[in-house]
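Thank you all for coming this morning.

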Amino acid sequence: MGDSTREDMNDTLRVLVATDCHLGYMEKDEIRRHDSFESFEEICSIAEKKQVDFVLLGGDLFHENKPSRSTLVRAVEILRQYCLNDRPVQFQVVSDQTLNFPNRFGHVNYEDPHFNVGLPVFTIHGNHDDPAGVDNLSAVDILSACNLANYFGKMDLGGSGVGQITVYPILIRKGTTSVALYGLGNIRDERLNRMFQTPHAVQWMRPEAQEGSEISDWFNILVLHQNRIKTNPKNAINEHFLPRFLDFVVWGHEHECLIDPQEVPGMGFHITQPGSSVATSLIDGESKPKHVLLLEIKGNQYRPTKIPLHSVRPFQYAEVVLKDVPDVDQNDQNSILEHLDKVVRNLIEKADKLATGKSEARLPLVRLKVDYSGFTTINPQRFGQKYVGKVANPQDILIFSKASRTKSRGEGKIFYQYGG
């Protein structure tokens, strides 16, 4: 490796970004119980192979607020295998860590002299693994207490009414590159929406300019876990609520993989939406290929590289409007069944073709949304029985819907305050 290349690597922060791993999803299903863990293990192995500086997770690491012992053990095993090693950590956290990690220990996990952490993981919580109960604890707090994850972005909303939060960034330095990493764990969308529209309810703390560095030298990243799709504007977060000083936003919660960073007009930052690493709702968006993002940052510039996940179970989705199918008679249920069978067989065939060449053939997920306006439904469970052993979800291949009648529409507290 040449000196210039080595110098370049010394100044480049490499981050692997993923969201919505949903560990433990369908853990009682004999076919699908391992899916979430296999995807998460692949993510960790990619991080190891790419020799990233750390993994950044955007919430919903766990599928449930109180994961089973089996799920917790498997999560700990994977993190222990990939995160604990002798590889030196090449970046420093230079902010007041007691503000970043408000737990008993109050510092980033790789600085603990009793642990060899070679691959740090930073994560916020989502709506599935959010803090709850008297002590306001999340399952992620368990990983934090075990020193296997750095849990940040946990807010105490405090008081009555809308509440107020202050978001402190984790200030990270690697060579000449400085990154301010902001985290906002899931808050009920309607409440956070109101907070963003209430003056001074959300305060963003920014690094102070110091000798030899300007505030503009910091590359600002936010990771959050909220509704983004605006079916109801009050129950989603508008990108324009976010502060303009941000450079890059990692958006968790939405499961469709929109990994290529998209610029938000007039805001000056880009958003990546990695999506889930396991399909938890059999909708069209979940059928898109799943990816994680390798984010390389040097100074104020970044380079995104999307990396496909190969361990994800194949999923094929299609929609049928029965009244638009010429050879289907609404008075002849056999003709309906024949057509639906034909579509499902084609989806299975398509999934099998896409899986060719992979080491292990896996039963695909198949979902067919059927608009049955003017027709009678058929029993989905009975329909699926003939596909046992051919698909991973024989009990819910079909979902029926009717068309709507109306038209759809440095150390220490080195911060100053940014109000917004």
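Let me start with Phe62, which counts as buried because its relative accessibility is 0%; buried means under 20% relative accessible area, exposed means over 50%, and partly exposed is in between, with a 1.4 Å probe and protein chains only. Before I go on, this is a predicted model, in which local features need pLDDT of at least 70 and side-chain atom pairs count only at pLDDT 80 or more, while totals for chains, interfaces and linings use all residues. Residues are numbered from 1 along each chain as its sequence is written, and side-chain values use heavy atoms, with hydrogens and water left out.

Phe62 sits in the loop between S2 and helix H3 (69-83), where helices (H or I, at least four residues) and strands (E, at least two) are DSSP runs numbered from the N terminus. If we set aside residues up to four places away in sequence, Phe62 touches His22, Leu23, Thr71, Ala75 and Val140, among others, and contact here means heavy atoms within 4.5 Å. Phe62 and Ala75 are 13 residues apart in sequence, and their C-alpha atoms are 8.8 Å apart in space.

Next comes Ser39, a residue of helix H2, which counts as buried at 2% relative accessibility. How far apart in space are Ser39 and Ser311, C-alpha to C-alpha? They are 5.6 Å apart, although 272 residues separate them in sequence. Leaving out neighbours within four places in sequence, Ser39 is in contact with Ser277, Ser311 and Val312.

Let me move to a whole helix. Helix H6 (residues 189-196) is largely enclosed by the rest of the structure, because six of its eight residues are buried. Those buried residues are Asp189, Arg191, Leu192, Asn193, Met195 and Phe196, and they pack against strand S6 (165-167), strand S8 (177-184) and strand S9 (202-207).

Now for the salt bridges, of which the structure holds 16; a salt bridge is a side-chain nitrogen of Lys or Arg within 4 Å of a carboxyl oxygen of Asp or Glu. In one of them, Lys174 pairs with Asp53, with the closest N and O atoms 3.0 Å apart. Lys174 lies in strand S7 (residues 170-174) and Asp53 in the loop between helix H2 (35-49) and strand S2 (54-57), so this pair ties together parts that are 121 residues apart in sequence. Lys174 is buried, with a relative accessible area of 7%, and Asp53 also counts as buried, at 5%.

Asp327 belongs to the loop between strand S16 (315-321) and helix H7 (333-355), and it counts as exposed, at 55% relative accessibility.
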